Amino acid sequence: MMKTPVFVISGLLESGKTTLIKNMFLSPEFKAGGPTLLILCEEGEEEYEREFLTEANITKVVVEGREKFTPSLLKNYEALYHPRQVVIEYNGTWEMSVLLDTEPPSNWELASIYSLVNSKTAELYLTNMRSMFMEQISLSSLIIFNRCVDNVNRGMLRRNIKALNMGAQIVFEREDGSIVEETIEDLPFDVSKNVIEISDEDYGVWFIDTLDHSENYSGKKVKFKAQVFLDPNLPKKTFVPGRFAMTCCADDIQFLGHDCRYEMKKLGFKTKDWVDVEARIEYEFSSEYGEDVPILYLENIKKAMKAKDEIVYFM
């Protein structure tokens, strides 16, 4: 049986979901997909004109409340409309579990989750509604920050997202829809130097950037303060120097660090010891992740005072 792809567009109210969906429907590739079922879990200020829906071969339905979003409703939609593709404009106040725990028709298959964020209100949501804001984007493969102006703190926004959802592609759009290109000037440390020194408060920035920009770090030396993590499951003569970071809320703290290989007979430190590390960064293929990942090669390590703030934040 041919699978029916389901595309989910999430985001809080007035984040631009409807505009993105309209642009999707205008693309030749999407039009070629066949009859589309558009499921609205909320209706924003911008509407879908009847002429537009007819021309794009779209059937629009509205779900009146999360209690109505049920397996039987979705199966009824399939039986009534037989769509070749499904787009769900998701309600920004619903938990993602409402979507994921609702069993779809057997021929429906989740293709992608995209999230829209209004950059003008993003910092406000991160400060006052952090859990709900982050939960909406936790599973997204693409996150678009739209309506960016020059003073938007892109680095802070990227750090917060990547700490929770490392695999997400993040795009910043200006108010005219053009893409904002990133530059190394956005970083709080100098990656042009052969030895990159990372301050305690910038550890999270550095960790996230090493995942995205190998060209900035490959073959370079780095100095930073970290805690030691030892585990018998790690390769021989390997430990992880890292920091604990709050990615979503106080209950969601992760240890962020890269594998570090050493040649000395014994490391001489135990888990949670604070150390100053100097290491060379290389990128090597990981079968677990299916891509090149940062690997540290230890050049020097010594005991250190603990950081003033033991937890890394991404604000």
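Trainee: How many residues does the largest nonpolar core have?
Mentor: Keep in mind that this is a predicted model. The largest nonpolar core has 31 residues. Phe 189, Trp 206, Tyr 217 and Phe 224 are those with the most contacts inside it.

Trainee: And which helix and strands each supply at least two residues of this core?
Mentor: Helix 9 (203-212) does, and so do strand 9 (221-229), strand 10 (238-246), strand 13 (274-286) and strand 14 (291-303).

Trainee: What is Phe 189 in contact with, leaving aside its neighbours within four places in sequence?
Mentor: Its contacts are Ile 196, Glu 197, Ile 198, Asp 202, Val 205, Trp 206 and Tyr 217.

Trainee: Switching to helices. At what angle do helix 7 and helix 8 cross?
Mentor: Roughly 65°, and the axes of helix 7 (residues 130-137) and helix 8 (residues 154-164) come within 10 Å. The crossing is right-handed.

Trainee: Which residues meet there?
Mentor: From helix 7, Arg 130, Phe 133, Met 134 and Ile 137; from helix 8, Asn 160, Ile 161 and Leu 164. By type, that contact has 5 nonpolar residues, 1 polar and 1 charged.

Trainee: What about helix 8 and helix 9, what angle do they pack at?
Mentor: About 70°, with the axes 10 Å apart. Helix 8 and helix 9 are therefore roughly perpendicular. Helix 8 brings Arg 158, Arg 159, Lys 162 and Ala 163 to the contact, and helix 9 brings Gly 204, Val 205, Ile 208 and Asp 212.

Notes: Residues numbered from 1 in each chain as written. Predicted model: local features only at pLDDT ≥ 70, side-chain atom pairs only at ≥ 80, totals over all residues. Heavy atoms only, no water. Core = buried A, V, L, I, M, F, W, Y, C linked by side-chain atoms within 4.5 Å. Buried < 20%, exposed > 50% of the residue type's maximum accessible area, 1.4 Å probe, protein only. Helix = DSSP H or I, 4+ residues; strand = E, 2+ residues; numbered from the N terminus. Contact = heavy atoms within 4.5 Å. Axes fitted to C-alpha atoms, helices over the stretch in contact; angles between N-to-C directions. Left-handed = near helix turned anticlockwise from the far one by under 90°. Nonpolar A, V, L, I, M, F, W, Y, C, P; charged D, E, K, R; others polar. Parallel < 35°, antiparallel > 145°, perpendicular 65-115°, else oblique.
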